[in-house]
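Here is a short report on one protein model. Have the sequence and the 3D view open as you read.

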Amino acid sequence: MNYYQLQSILRHIRKTVSCPSCGGNYQFSDLEIVNVAGGRVTLAVSCKGCSSKTLVVVSEPATRKPRKIKKEKEGKTRITPDEVLEMRDFLGNFKGEMRDIFKK
Ligand SMILES: [Zn+2]
């Protein structure tokens, strides 16, 4: 999994996951990366509506064009701890709209 696949996962969760308690939608600032291991991402998701916390585990990258993940070379495309921290900072500081992140 690489940085862009992680971004894609976060976008996918933001679009498709809603709060199991109140049904509210999540913002990027509600997502916190707990762990990235292999092809699995664990996120802690906080609901601003009802203050409930939920763990979300994603085991496959939510990319538009699935790649052959198993053939990735070790060490080259894996997320580094620095990239996880970078994404955490990014999510923590982000205050705009979702489309602002991903526009090219
Ligand atoms: Zn809620």
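The model is predicted. Its largest nonpolar core has 11 residues. Met-1, Leu-6, Ile-9 and Leu-10 are among them.

Start with H1. The helix has 14 residues, and at 1.5 Å a residue they should span 20 Å. The end C-alpha atoms are 20 Å apart, which agrees.

| State | Residues of H1 |
|---|---|
| Buried | Leu-6, Ile-9, Leu-10 |
| Exposed, on the other side | Tyr-4, Lys-15, Thr-16 |

The buried residues of H1 fall within an arc of 95° when seen down the axis, so they line one face of the helix. An α-helix has 3.6 residues a turn, so residues three or four places apart point the same way.

Now take Leu-6. Beyond its neighbours within four places in sequence, Leu-6 is in contact with Met-1, Val-36, Val-41, Ile-79 and Met-87.

Gln-5 also lies in helix H1. Why does Gln-5 count as partly exposed? It has 19 C-beta neighbours inside 10 Å, and a residue needs 20 or more to be buried. The C-alpha atoms of Gln-5 and Ile-79 are separated by 9.5 Å, although the two residues are 74 apart along the chain.

Notes: Residues numbered from 1 in each chain as written. Predicted model: local features only at pLDDT ≥ 70, side-chain atom pairs only at ≥ 80, totals over all residues. Core = buried A, V, L, I, M, F, W, Y, C linked by C-beta atoms within 7 Å. Buried ≥ 20, exposed ≤ 12 C-beta atoms within 10 Å, placed from the backbone. Contact = placed C-beta atoms within 7 Å. Helix = DSSP H or I, 4+ residues; strand = E, 2+ residues; numbered from the N terminus. Expected span 1.5 Å × (residues − 1). Arc of directions from axis to C-beta.
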